[in-house]
Amino acid sequence: MSDGPSKFPWPPVLVVGLAAMGWFGSPASGASGLQLWIGIVLIFFGVALDGWSAAHLVRRKTAVLPRHAASHLVTDGPFRFSRNPIYLGYVIVLVGLAVFRPGAASLFAVPIFIALMLRLAIEPEEQHLSARFGVDWSTYAKDTPRWLGPL
């Protein structure tokens, strides 16, 4: 039974689907040697941010997947800088892909992902967290940006 903000795992489905669209819809060549390395570094950094964020939620004993209700409001670790560091990591991966394999499909994947994530995942999750944590959520949401704040 799902008591979380979403019954469907939108975030991983969207990132995999849009990464595939970018990969297969963009030409196989066209990036310079430097672009390839920058793309690889961005992809690595995005995956590392995802892993750190997910591991932090597990350590705090709260839900990682949006199908499950959050048991704790996590505001430390990567969540000090972003309310959505896992999704920020996905964006970085998609940007890295667009640098690594430049083309219209990989470039358009980024804004499409952001728009769909806002509607299908982030807004329902924010409503869920607001209902569960009230003023604590409101304070956190006011003090921490949705995507990225000062380091």
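The model is predicted, so local features need pLDDT of at least 70 and side-chain atom pairs count only at pLDDT 80 or more, while totals for chains, interfaces and linings use all residues. Residues are numbered from 1 along each chain as its sequence is written, and side-chain values use heavy atoms, leaving out hydrogens and water.

**Overall fold**
- The chain has 4 helices and 0 strands (DSSP runs, numbered from the N terminus: H or I of at least four residues for helices, E of at least two for strands).
- Its radius of gyration, taken over C-alpha atoms, is 16 Å, close to the 15 Å that the globule rule (2.2 Å times the number of residues to the power 0.38) gives for 151 residues, so the chain is as compact as a globular protein of that length.
- Of the 151 residues, 38% count as buried (under 20% relative accessible area, 1.4 Å probe, protein chains only).

**Helix α4**
- Helix α4 (residues 104-143) spans only 36 Å between its end C-alpha atoms, whereas a straight helix of 40 residues would span 58 Å (1.5 Å times one less than the number of residues).
- A kink of about 130 degrees in α4 is centred on Phe 133 (the angle between axes fitted to the seven residues ending there and the seven starting there).

**Aromatic residues**
- The whole structure holds 5 aromatic pairs (Phe, Tyr or Trp rings, using the six-membered ring of Trp, with centres within 6.5 Å; stacked under 30 degrees between planes, edge-to-face over 60, the rest tilted).
- Tyr 87 and Tyr 90 form a tilted pair, 6.2 Å centre to centre with 35 degrees between the planes.
- Both Tyr 87 and Tyr 90 are buried.
- Ring pairs link Tyr 87, Tyr 90 and Phe 113 into a cluster.

Methods: Buried < 20%, exposed > 50% of the residue type's maximum accessible area, 1.4 Å probe, protein only.
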